[in-house]
Amino acid sequence: QVQVAESGGGSVEAGGSLRLSCEGSGYLYLSNCMAWFRQIPGKEREGVAAIYTGGGRPQYSDSVKGRFTLSQVLGKNTVYLEMNDLKPEDTGMYFCAGSRGSDTGYCSIFADEYAFWGQGTQVTVSS
């Protein structure tokens, strides 16, 4: 059974940084899509960033471009989300997600692409 687990959340002041980690396990294949989503209270789930773990350029939502960086460990289902210049509006639950695979090597930040989800890690940004 594929499992995805994220960690690294916490509380920071506005302008600060956090680094989230995500590890996928149980995959029968190495390369797939992995992504970060967030659930901000009172708002719909938002795709943050995604990457093809076989090698590719991350895709970001407009709301985090220039502030967040998704990186990977090549050959592993391990990804990180470096979050810089955090703002109070970034506060929410952050989820890591993995797909069943990728036919094209392109990974979206559309939730329906992802079958495996972590339990979430809380990020709180104070002003």
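Mentor: Let's start with a definition: the radius of gyration is taken over C-alpha atoms, and the globule rule is 2.2 Å times the number of residues to the power 0.38. This is a predicted model, where local features need pLDDT of at least 70, side-chain atom pairs count only at pLDDT 80 or more, and totals for chains, interfaces and linings use all residues. Residues are numbered from 1 along each chain as its sequence is written, and side-chain values use heavy atoms, with hydrogens and water left out.

Trainee: Thanks! What radius of gyration does the chain have?

Mentor: For 127 residues, the rule puts a compact globule near 14 Å. The chain agrees with that, so its radius of gyration is 14 Å.

Trainee: How many strands does the chain have?

Mentor: Helices (H or I, at least four residues) and strands (E, at least two) are DSSP runs, numbered from the N terminus. Read from that end, the elements run β-β-β-β-β-β-β-β-β-β-β. With zero helices, the strand count is eleven.

Trainee: Which residues have the most contacts inside the largest nonpolar core?

Mentor: A nonpolar core is a set of buried Ala, Val, Leu, Ile, Met, Phe, Trp, Tyr and Cys residues joined through side-chain atoms within 4.5 Å. Here buried means under 20% relative accessible area, exposed over 50%, and partly exposed in between (1.4 Å probe, protein chains only). The largest core has 25 residues, and those with the most contacts inside it are W36, F68, L70, V79, L81 and M83. Among the elements that give it two or more residues are β4 (33–39), β7 (68–72) and β8 (78–83).

Trainee: Good to know. Is T78 buried or exposed?

Mentor: T78 sits in strand β8. A contact means heavy atoms within 4.5 Å, and beyond four places in sequence T78 touches C22, E23, M34, S71, Q72 and V73. Its relative accessible area is 12%, so T78 is buried.

Trainee: And E44, buried or exposed?

Mentor: E44 lies in the loop between β4 and β5. Leaving out residues up to four places away in sequence, E44 touches R38 and Q39. Its relative accessible area is 72%, so E44 is exposed.

Trainee: How far apart do the centres of the positive and negative side chains lie?

Mentor: Lys and Arg count as positive and Asp and Glu as negative, while His and the chain ends are not counted. Each charge is placed at NZ of Lys, CZ of Arg, CG of Asp or CD of Glu. With 10 positive and 13 negative side chains, the centres of the two sets lie apart by 3 Å.
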